[in-house]
Amino acid sequence: MTARTKAVEEVFEGVSFEALGGADSTLPVSSLEFSSRDCGEGSLFFCVPGTKADGHAYASDAVEHGVCGLVVERRLDVAAPQFLVEDARKALALCSSNFYGRPSSKLKLVGITGTNGKTTTAFLTEHIAQVAGATTGLMGTVECHVGSEVRPSLHTTPESRDLQQLLSDMVDAGCDVAALEVSSHAIDLDRIAGTRFEVAAFTNLTQDHLDYHKTMENYFQAKARLFTDYAPQTSVVCIDNEYGARLADMVDQRGGKLLRVSSADTPGCDIRVVDAAYAPHSTDLSLVVQGAEVRFTLPLVGRFNVENCIVAFGIGLGLGYDLDTIVSALSSAPQVPGRLERIVGTDGTVPPFGVLVDYAHTPDSIAKAVAAVKAVTPGHVICVFGCGGDRDATKRPKMGHAALDADYAVVTSDNPRTEDPDKIIAQILPGMAGHEERYSVVPDRREAIRFALHRAQPGDAVLIAGKGHEDYQIIGTVKHHFDDREAAAEELDAL
């Protein structure tokens, strides 16, 4: 058996299964698959039920591709070895960990969850570890890092097989520390089952993904499982809102090391912000960290980035780094793609007003992004935004209301997917009722960006929110190339 070939019984170590019809548990497995199109000789195909399709329906296709066996939740009338499990999706995660040699146990893995701030916190965590001398990996919304190699990212948290393969690649590349953005979907769908976390961190919880979770309580409980079910060595929890405070109490009751952090001067916190002075390109911070006073300049702007910073600070402590190392790293923090990213013309020409692109796509993140830009803008703030289709529709009017925190808003299309863009916009506008003089509707996104830039005066700022680092727009089921940063730079050239 090679490093990437294991017997069925090895793949299922610690996983309850029944070999149906005398199926041979010593069969060699060369790959684990959950799409029949990817199957080949020696593949073990997991018949995972999904929201739109059931993997059991594709078992015959998988067999035609030469699989060594099927992992099923019910006996199938298919001539192939079958291994019965209670939950094929969870079995895929646990078996993937086994197949790839349980890579998370060979890394100091940091799991970061929350509605907003996961990406920036993950980038800050990676930078802290690098400054400390570690070789690092990163998985998240923007991209994946395997040592010095940068790979594209398709999901915030990959499917379990892909997750374990990436972690294994990191181990092979000599990585010591890895930062992983953990979405609520990934937790709820057991994509991270079989994964060991050295540190788990919570940024915040605000309305999002209710099309999936239905209620905020369900959403919260999904996030909380990262801390209760996976028993990290250290938990870092921002208690700035009620959900963080609840989670900290849950972790405290469970036991284990807990670091409470707050962007305010909150008594009883391990890390708290005593003072923050905001400038156009940086923030001067004064913190108390476990009784020690710390001062430094963070090269990021906005209160929400202060929240991300203190969570990352806590993660650094959880990884065992000293204060000087963490402060040095945060003082040289990198710009995160699509997170309040400043835009200039394609030739580097700086416009007489600010242009920033941000991933903010929830009511809370819109409000925070606008507040961050307002704090460093002498003139007016213009916010360009829209709402994604086939997602939580109840947040649309709330998004419109939040965008009115700006001096002027331009309502446009985001990723409409299979919904009518005009109908999405119509569901945003009730949240802006009574303020018709303070917004315009421009459905075409490029035209909306052009409109906002033409409206801006010296000293103003244009915040283009919703898509951040994304370089596509999903219309129907097709991805079309569209990058807010690229479009804004080109429209600045045209000015």
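Me: What share of the contacts in the protein with a separation of 6 or more comes from residues 24 or more positions apart?
Reply: The model is a predicted one, in which local features need pLDDT of at least 70 and side-chain atom pairs count only at pLDDT 80 or more, while totals for chains, interfaces and linings use all residues. Residues are numbered from 1 along each chain as its sequence is written, and side-chain values use heavy atoms, with hydrogens and water left out. A contact here means heavy atoms within 4.5 Å. Among contacts in the protein with a separation of 6 or more, the share from residues 24 or more positions apart is 66%.

Me: How many helices and strands does the protein have?
Reply: Both kinds of element are DSSP runs numbered from the N terminus, helices being H or I with at least four residues and strands being E with at least two. By that assignment, the protein has 16 helices and 26 strands.

Me: What is the radius of gyration of the protein, and what does the globule rule give for 495 residues?
Reply: The radius is taken over C-alpha atoms, and the globule rule is 2.2 Å times the number of residues to the power 0.38. The C-alpha atoms fill a box of roughly 75 × 55 × 45 Å along the principal axes. The protein is as compact as a globular protein of its length, because its radius of gyration is close to the rule's value. The two values are 24 Å for the protein and 23 Å from the rule.

Me: What percentage of the 495 residues counts as buried?
Reply: Buried means under 20% relative accessible area, exposed means over 50%, and partly exposed lies in between (1.4 Å probe, protein chains only). Of the 495 residues, the buried part is 58%.

Me: At what angle do helix 4 and helix 10 cross?
Reply: Axes are lines fitted to C-alpha atoms, for helices over the stretch in contact, and angles run from 0 to 180 degrees between N-to-C directions. The axes of helix 4 (residues 118–131) and helix 10 (residues 303–318) come within 9 Å. Helix 4 is therefore oblique to helix 10, where under 35 degrees is roughly parallel, over 145 roughly antiparallel, 65 to 115 roughly perpendicular and the rest oblique. The crossing angle is roughly 40°.

Me: Which residues of helix 10 meet helix 4?
Reply: From helix 4, the residues involved are T120, T121, L124, T125 and I128. The contact divides into six nonpolar, six polar and no charged residues; Ala, Val, Leu, Ile, Met, Phe, Trp, Tyr, Cys and Pro count as nonpolar, Asp, Glu, Lys and Arg as charged, and the others, Gly among them, as polar. The partners in helix 10 are N305, N308, C309, V311, A312, I315 and G316.

Me: Which residues of helix 11 meet helix 4?
Reply: Helix 4 and helix 11 (residues 323–331) pack at about 125° with their axes 9 Å apart, and helix 4 is therefore oblique to helix 11. Helix 4 contributes L124, H127, I128 and V131.

Me: Is R417 buried or exposed?
Reply: R417 lies in the loop between strand 22 (408–411) and helix 14 (421–428). Its phi is near 55°, a positive value in a residue other than glycine. With a relative accessible area of 17%, R417 is buried.

Me: What separates the C-alpha atoms of T234 and A200?
Reply: T234 lies in strand 14 (residues 234–238) and is buried, at a relative accessible area of 4%. Not counting residues up to four places away in sequence, T234 touches E198, V199, A200, K257, L259 and G318. T234 and A200 are 34 residues apart along the chain, and their C-alpha separation is 6.5 Å.
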